[in-house]
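Here is my note on the model you sent.

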Amino acid sequence: MRTLIRPTGFVDAPFGHDGKVARLAGGLNWFAMAELIVVDGDRRVSTELLPVEGVEGRLDESTAAQWQALTAPRPPLQLGQRTIRLDQPQVMGIVNVTPDSFSDGGRFADSASAAAAGAEMAGAGAAIIDVGGESTRPGATAVWEGDEIERIVPVIEQLSASGTAVSVDTRKADVMTAALDAGARMINDVSALTFDQRSAAAVASAGAPVVLMHHQGDPESMQRDPRYDDVLVEVFLWLEERIDAAVAAGIDRKSILIDPGFGFGKNVAHNLELMNGLALFHGFGCPIVLGVSRKRTIGALSNEAPADRRLAGSLALAFKAVEQGVQIVRVHDVAETVQALKVWRGLRDQALTPRV
């Protein structure tokens, strides 16, 4: 058996609470309570809620490492000449150069229009533009890597030439290499380097940051009947294994980001449980990326609203994420999300300013 630590009991300001609150991942959030989750195999067998000042006396070697990871600052991402601070939430804009993505498939007729959209997102405040050439929506089929490369490389070249920080959304080693050669500086792999056995070596050789995302099944079948005994614990343990595998392949742990994979082999209940437990994943010491924008769960909770009418739900989930310290939210609606997070940041700044 082992114990996992989930921060909870978030407070508006730390002042006057010395020793009673802890700072989450060096960011703008402070927590006063921690849930100790005892795990046997892949499910929790007991939980205990403790105040922060009572946690340190309960730490063993394993949980002490978790506690250090939960509270340590995350260093900034260096993507080419761009430095992305992770002590505050950042926005990653989505550019899908595909005919069949669930929300914006077919929106961009050519590379110039896709690059222009990415540049507009960057101008609206997106710190990173994530370019993808293969849809991984539920039911999607795999795309030949040559087609994927042909779709994304001109877009990445145009965006990177303008100084934009670009990541590439792909599962394939050859596409990763082509994207990095074109100017991308980060890999976002929805398969967590499991789809292509050469991908880990490609990432390690390039020394690029990589996002490892949890999934259950492949895009063609992942939403048919996803099952978990304990989704929060199982996703945590699976990501732990993928981090270890990436490090064993030569990838610097400091270059690893993680994504719990909202909607990838998960039903509505699974997604909501993950959202409520997001702070647990800070125990890896890795920055967290979360893609919840316009996802199916929002429609399921709002009278089956279509994808292009899910902005309000997307913002609600983004707020839930950043309140739990998520460093990067991946979104379609960049300008609206950036504005919402500026307001959130204003509230946090006021709360973190001592009264005199």
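How many positive and negative side chains does the chain have, and how far apart do the centres of the two sets lie?

1. The model is predicted. The chain carries 34 positive side chains and 45 negative ones, and 5 Å separates the centres of the two sets.

2. The C-alpha trace spans about 55 × 50 × 45 Å along its principal axes.

3. The secondary structure consists of ten helices and 14 strands. Among contacts in the chain with a separation of 6 or more, 69% are made by residues 24 or more positions apart.

4. Of the 356 residues, 55% count as buried. The accessible surface of the chain is about 15,200 Å², and carbon and sulfur atoms account for 49% of that surface.

5. Please look at the loop between β10 (186–189) and α5 (199–206), where alanine 192 is placed. Alanine 192 has a phi near 55°, a positive value in a residue other than glycine. Most residues other than glycine have a negative phi. Alanine 192 counts as buried because its relative accessible area, 0%, is under 20%.

6. Leucine 193 is also in the loop between β10 and α5. Its phi is positive too, near 65°. With a relative accessible area of 7%, leucine 193 falls under the 20% cut-off and is therefore buried.

Conventions. Residues numbered from 1 in each chain as written. Predicted model: local features only at pLDDT ≥ 70, side-chain atom pairs only at ≥ 80, totals over all residues. Heavy atoms only, no water. Helix = DSSP H or I, 4+ residues; strand = E, 2+ residues; numbered from the N terminus. Buried < 20%, exposed > 50% of the residue type's maximum accessible area, 1.4 Å probe, protein only. Contact = heavy atoms within 4.5 Å. Areas by Shrake-Rupley, 256 points an atom, 1.4 Å probe, with all protein chains shown as cover. Lys, Arg positive; Asp, Glu negative; His and termini not counted. Charge placed at Lys NZ, Arg CZ, Asp CG, Glu CD.
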